[in-house]
Amino acid sequence: MERAVISFVVNRIGDQLMEEAIFLKEVRPRIERLHRDLKAINCFLEAADAKQEEDPRVRNWVSDIRDVAYDAEDVVDMFILKAEALRRKIFVKRIFQKPVYLHNLGKKIDEIQTNLHDISRRREILGIKNIGVGTSTSSKMLQNLRRTTPRAEKHVIVGLNEEANKLVEQLTTGDPRRRVVSMVGMGGIGKTTLAKKVYNHSRVMDHFQSCRVWVYVSEDCRPRNIFQQILNQLLHNPKQIEKLQENELEDLLHEHLEEKRFLVVLDDIWKSDDWKCLARVFPEESNGSRLLLTTRNKDVALQADARSVPHDMQLLSEEEGWKLFCRTAIPDNVTDGCPPELKEFGEKMVKKCAGLPLAIVVLGGLLSSKKQLPTMWEEVFNKLRVHFAARNGVDAILSLSYIDLPHNLKSCFLYLGLFPEDQVISKRTLLLLWMAEGFIPQQDEQRLEDTAEDYLNELINRNLVQAVAVSVNERVTECRIHDLVRDLCIKKAKEQNFVEIQKDIVSLPSTTSSFPFTKSRRLGIYLDLERYASREHSTPYIRSLFFFVLQRSPHSRYYGILSWLDFIYKYFKLLRVLDLGNVKIYEPPNSFGKLVHLRYLRLTAHRYSNCPPSCLGSLQDCVNFPTSLDELRSLQTLDICISKGTPTMIEKMKNLRHLFLSYDREDDKPLRIDNLRNLQTLSGIWFSDWQQNDTSDLTSLRKLKIKMDDAIVVEFSNSIAKLENLRSLYLKASHFSGVPSFDMSSLLHLSKLHMERSIGQLHEFPPNLTQLTLEDTELDYDPMVILEKLPKLLTLRLRMWSYRGWEMQVSAGGFPQLKILQLSDLYGPMKLLIIEKGGMTNLTQLQIFRSVLDIYGLGELLHLKRIDVIDISPHSHRWISSLPCSSEWQDIRRRKKARIYGTYTGNDSWGYMQQHN
């Protein structure tokens, strides 16, 4: 990972030599020498990286290099900060202060140079050789990585059928009283995997028709959060619960469950006390309700239900372990076998895993990235033996898998430790953060965004990251990491001063008002803003600051008052990443404009009407975003939601690549964006502002979301047609204006289209469209006549009030590629969907949400695997209840394992059932 650190510093210094050529004239030779020396020493790091795990002397040498690289980065960044401040001062002050700044800069560079020479001499003693400049085999592999993505759920489950059947029996038969079924075993043994298999078993789904819920508890159990998670899955309007106290949530949840036969899965519960806090909300009725617990602590299982024998998870047998290994280590393996020349080393490595599924899967992921040659597998086996000498089981394999990562991937991997345990992480957010941190190098003509996605896919392929959700074209959209993998991330990151988590203010000595000094470059704060801002901080070189508000009282003061936010610039002047998206604020202070290194800024401002009375006195002068933000010229990503005024300062942020906006437009202050030539994502601009820009210069724009006001069709059509690289377009109009109808057939690259509000007539659509969403479009004629002719359409979503008629018909040959059809909130008269034989032949998923609907022709859809049903009218009972009676559908269910989520309960309502992948 040190190579990634030094590479970033080398590039940073090189950039500053170009940008500050005149200002740095007097010290330029010193900086150039530092630049050359860092670049040279970077060539030795790959050889050192392979040795440092075996030799503590090499490990210390590498650590010293990292510290010097950080020192160099600090010197450069602090100088830039002071130079920017100096430019704002009057001429006389600049004349006198500039020589002082340059003198101090030169002294610090000389000190770093001395340290570098000492480190270089020790390299020769340690026998670390220059491997030459160039890319490693792993880096080349990444560069050539095909743009395919792993599936969200790999079918590598082995050895669990018998155990699953026993648990299904316990959940669905026997004692009618509420019982607790527990699964006990060490981390990584497969408790969650087995629980998911049971949770999604057809017998379990049929038995608990009206109420099935899955929640993740974790070591840091927060009862209020658990209750909210459960209610979010049960209630149709979960927003109503946000302001409730914990005891009110308990009462509401208890009342909601009282009349139901429920199944609640509490995954990864650690302590008996946690169970006691949660248990009282679950009614003890005699209706066959069950709780399913997964835990590492047998005492928790016995405390939860003394009458029930805990299910002890067993390690895999040799045969099962070998089968799982072959499926994960050998890509596209269909035989569960292994090439004879690899079998000897494979069996030895599997034996080291001692039947632990997580260890086998991660080892398989490591080997899947290697060539299938005996020499390569022998090399991995020899390294594995070394690690097992110092560690045991999964720790050794996880550690080896980390060491085996290409140097650029190591930073990306450790970064995942910042996020809270078991948090689902948005792919979009993660990739933008990696780019802002400088982890993603420029590779020829490939976009940084594409390279970053390749990196994520490689981590998933190595089984270090789990894909949670994928799009219809099989691109990962959400991910997470196993808690044991996260433990490794945090441990390694702390060793390397890469990441630190601060979540316990109570443990600080009462005699101090400050947090302890840390050398880490990134901080994840698991405290609310007010408490954290009230302390002093000794962290001047932090580059990234995240606030994760894990739990808050509904009446707590977590609003970002200006005086609270000023502490950020006071203590964290060199920030590159600032994420305040989880904190409610009303306006950033002017001091944010001095954070000149920022590359990523995310924050959300809220209207004053939502502010508690105790805060209003501090907000009387808050009106708009401060214009000082126009100094943030290094920003790549800006994600802001503001309540009033046009953010005119954006026009000076010429390095912006991704801009997400929400603002109230002002006629006299148009938003200028036509000089943002690097812009690839623009979300939330008003069309009145859009049309005042020369959009022909936005040649890099790929994603666009426009809010329509008074659009002139010709101007609108012409401005969109100029965007040759546009891939995604979202048009949202007011209730009064509507979306203009225009011919989009010239948008050859457009693959994703979302139209919201009235659109009048449907015209020609882009020929390469793969995803289409119509919402509130109020069409009074059958849209299928036009839409079914789209040759490449994969996903069609017809949402609230999109269609006002009563019949839609799909003809033979219609929608030849469609895989997902969603019909949601189609209110008004009962609608009829007729699918003729030969129509939608590739449909795999049907979603019917809150709609009065009848369907004919489902029996012809032989590829249909899944139907999601939420709150549909009892009048629609005919088509859904007839499915199991159809012999064709029964055959599909047997062959394709098709499942119906949501089952008619018999009391004129449908139960909501949620799938957890």
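Close-up 1. An α-helix has 3.6 residues a turn, so residues three or four places apart point the same way. Helices (H or I, at least four residues) and strands (E, at least two) are DSSP runs, numbered from the N terminus.

A word on the model behind these views: it is predicted, so local features need pLDDT of at least 70 and side-chain atom pairs count only at pLDDT 80 or more, while totals for chains, interfaces and linings use all residues. Residues are numbered from 1 along each chain as its sequence is written, and side-chain values use heavy atoms, with hydrogens and water left out.

**Close-up 2. Helix H19 crosses helix H21.** H19 (residues 407–415) and H21 (residues 448–461) pack at about 80 degrees, with their axes 10 Å apart. Axes are lines fitted to C-alpha atoms, for helices over the stretch in contact, and angles run from 0 to 180 degrees between N-to-C directions. That makes the two helices roughly perpendicular, a label for angles of 65 to 115 degrees. On the H19 side, look for Asn 408, Leu 409, Cys 412 and Phe 413; they meet Tyr 455, Glu 458 and Leu 459 in H21. The contact (heavy atoms within 4.5 Å) divides into 5 nonpolar, 1 polar and 1 charged residue. In that count, Ala, Val, Leu, Ile, Met, Phe, Trp, Tyr, Cys and Pro are nonpolar, Asp, Glu, Lys and Arg are charged, and the others, Gly among them, are polar.

**Close-up 3. Glu 458 again, now with Arg 462.** These two form a salt bridge, the closest N and O atoms being 2.8 Å apart. Both ends are buried: Arg 462 has 2% relative accessibility and Glu 458 has 4%.

**Close-up 4. Arg 804 and Glu 778, a link between loops.** Their closest N and O atoms are 3.5 Å apart in a salt bridge. The pair links distant parts of the chain, 26 residues apart: Arg 804 is in the loop between strands S22 (795–798) and S23 (807–810), and Glu 778 is in the loop between strand S21 (771–775) and helix H28 (784–787). Arg 804 is partly exposed at 41%, and so is Glu 778 at 37%.

**Close-up 5. A salt-bridge network.** Glu 73, Asp 74, Asp 77, Arg 521, Arg 543 and Arg 576 are linked here. The whole structure holds 41 salt bridges.

Close-up 6. H22 (residues 483–495) has 13 residues and reaches 18 Å from first C-alpha to last, close to the 18 Å expected; the expected span is 1.5 Å times one less than the number of residues. Its buried residues include Leu 484, Val 485, Leu 488 and Cys 489. Just after H22, Asn 497 takes a positive phi of about 55 degrees.

**Close-up 7. Phe 815 in its loop.** Phe 815 lies between S23 and strand S24 (820–824), with a positive phi near 50 degrees despite not being glycine. At 1% relative accessibility, Phe 815 counts as buried.

Technical notes:
Buried means under 20% relative accessible area, exposed over 50%, partly exposed in between (1.4 Å probe, protein chains only). Angles under 35 degrees count as roughly parallel, over 145 as roughly antiparallel, 65 to 115 as roughly perpendicular and the rest as oblique. A salt bridge is a side-chain nitrogen of Lys or Arg within 4 Å of a carboxyl oxygen of Asp or Glu.
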